[in-house]
Amino acid sequence: MREKAERWLAPKCKREPHAEDCTHYGDRIEVRRLWAHPTDPESAGLYAASQVYVVEREVIPLSKVVKASKERCYAITCTEVTEDRQRNGENLLRTFRGHWTVEAKNHYRRDITYQEDRSPVKNHN
């Protein structure tokens, strides 16, 4: 699936992003750019898929402690495509960021409640 997403999104990533978000932290600036491509369940091979998108995250260091980096994350969603390309991109970027907020909160709760990080028993499936 990743190969399909890269093939669909490669031409779009050469153009202006559909959405862009810039966040300033004390020692770095994080820039997130999003490009989206409409799809259908048959092409994607996933039930209810309507969009495939890529989020590029660039870290710009403001101190010597932080390293510059750039990474891309690919995702598929069943969120319907809206007519306004920028609004569609902003909604997807907000959803993408919200997903990681939920993940971080869930990990924190599990670590505090069950002390998972201190456990010597790990399941590396």
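The model is predicted, so local features need pLDDT of at least 70 and side-chain atom pairs count only at pLDDT 80 or more, while totals for chains, interfaces and linings use all residues. Residues are numbered from 1 along each chain as its sequence is written, and side-chain values use heavy atoms, with hydrogens and water left out.

T79 sits in the loop between strand 4 (69–77) and helix 3 (85–114). Helices (H or I, at least four residues) and strands (E, at least two) are DSSP runs, numbered from the N terminus. T79 counts as partly exposed because its relative accessibility is 34%; buried means under 20% relative accessible area, exposed over 50%, and partly exposed in between (1.4 Å probe, protein chains only).

| Pair | Kind of distance | Value |
|---|---|---|
| T79 and Q51 | between C-alpha atoms | 7.0 Å |
| T79 and T77 | side-chain polar contact | 2.8 Å |

A polar contact is a pair of N or O atoms within 3.5 Å; within protein, one must be able to donate a hydrogen and the other to accept it, and residues adjacent in sequence count only if both atoms are side-chain atoms. Leaving out residues up to four places away in sequence, T79 touches S50, Q51 and L92, where contact means heavy atoms within 4.5 Å.

L92 also belongs to the largest nonpolar core, which has nine residues, including V55 and F96. Such a core is a set of buried Ala, Val, Leu, Ile, Met, Phe, Trp, Tyr and Cys residues joined through side-chain atoms within 4.5 Å. Helix 3 gives the largest share of this core, three residues.
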